[in-house]
Amino acid sequence: FGPKNIITAVAHGHEAAVSIALLLGGQDPRQRLPPPTNLMSQKMGIHEWSYDNDTSLDVRYKVPWAKAETALASIRVEVELGFDAATAFKEAQRCLNCDVQTVFNQSTCIECDACVDICPMDCISFTADGEEADLRGRLKAPALNLAQDLYVSGALKTGRVMVKDEDVCLHCGLCAERCPTGAWDMQKYLFKTAMAESAKRPGRARPALEVAA
Ligand code: SF4
Ligand code: SF4
């Protein structure tokens, strides 16, 4: 809740800065450049990825609090004490690497179903195509979170489609390691937001809003 507020506030600050830079540059602040995005393979070897693809079974660690009598004694007392280094490391290991996407290349898939066998979450299915409500109920594991779109390929050689329930994927990369043709790949998604500073540079007819990772 708290971190979301801060992140949203910083993002709004960036947007306001872009608007101000465009306005001062005599341009229409409503004309925004779309944020550049990119997908980049993280493969380094057959079983080696450039991100930590190990999954942790730990449940969320609770941040220790100051004692109530101490916290209530003064408004200046920090209630959340923060993790020690060892607990912070374990908490960080719970990261699901949601920035690393499973990317499916249907032209190289030979429909051997090896990825279906190895997926620990049963989130990959090869099945006849159908309407979403029908598909959701006849996957290897039913896709119950209606707020999460399904990842559905085009028709494969047998006429089936690959359907993946993104909601439960651990981004472990086992499907991509097992696939004999490299039809699955783990690719990092990069999203770069526009920054205002280049709008102030002289000599540019239209300020190219520079990007930052
Ligand atoms: S990354 Fe892991 S959890 Fe996700 S689809 Fe592949 S094998 Fe399944
Ligand atoms: S392991 Fe690769 S080739 Fe086999 S079904 Fe899965 S994506 Fe297709």
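Is Trp184 buried or exposed? Trp184 is buried, with a relative accessible area of 2%. Buried means under 20% relative accessible area, exposed over 50%, and partly exposed in between, with a 1.4 Å probe and protein chains only. The model is predicted: local features need pLDDT of at least 70, side-chain atom pairs count only at pLDDT 80 or more, and totals for chains, interfaces and linings use all residues. Residues are numbered from 1 along each chain as its sequence is written, chains are lettered from A and ligands numbered from 1 in the order in which they are written, and side-chain values use heavy atoms, without hydrogens and water.

The structure holds 4 aromatic pairs. Rings of Phe, Tyr and Trp (its six-membered ring) pair if their centres lie within 6.5 Å; planes under 30 degrees apart count as stacked, over 60 as edge-to-face and the rest as tilted. The Trp49 and Tyr51 rings have centres 6.4 Å apart and planes at 45°, so this pair is tilted. Both Trp49 and Tyr51 are buried. Phe104 and Trp184 form another tilted pair, at 5.0 Å centre to centre and 50° between the planes. Phe104 lies in strand β4 (residues 100-104) and Trp184 in strand β8, so the pair ties together parts that are 80 residues apart in sequence. Helices (H or I, at least four residues) and strands (E, at least two) are DSSP runs, numbered from the N terminus. Phe104 counts as buried at 11% relative accessibility. Ring pairs link Phe104, Trp184, Phe126 and Tyr151 into a cluster.

Strand β8 (residues 184-191) also holds Tyr189. Tyr189 is partly exposed, at 38% relative accessibility. With Leu39 and Phe191, Tyr189 forms a nonpolar surface patch of about 280 Å² accessible area together.

Two ligand shells were examined. Around ligand 1 there are 13 residues, the closest being Cys119, Cys169, Leu170, Cys172 and Cys175. A residue is near a molecule if one of its heavy atoms lies within 4 Å of it. The ligand 1 shell divides into 9 nonpolar, 3 polar and 1 charged residues. Ligand 2 has 14 residues around it, and Cys109, Cys112, Asp113, Cys115 and Cys179 come nearest. The ligand 2 shell has 11 nonpolar, 1 polar and 2 charged residues.

Ala68 is placed in helix α2 (residues 68-73). Ala68 counts as partly exposed, at 48% relative accessibility. Ala68 and Thr8 are 60 residues apart in sequence and 30 Å apart in space, C-alpha to C-alpha.

Methods: Patches are made of residues with over 30% relative accessible area and no salt bridge: like charges are joined within 9 Å, nonpolar side chains (Val, Leu, Ile, Met, Phe, Trp, Tyr) within 5 Å. Accessible areas come from the Shrake-Rupley method with a 1.4 Å probe; for residues, only the protein chains shown count as cover. A salt bridge is a side-chain nitrogen of Lys or Arg within 4 Å of a carboxyl oxygen of Asp or Glu. Ala, Val, Leu, Ile, Met, Phe, Trp, Tyr, Cys and Pro count as nonpolar, Asp, Glu, Lys and Arg as charged, and the others, Gly among them, as polar.
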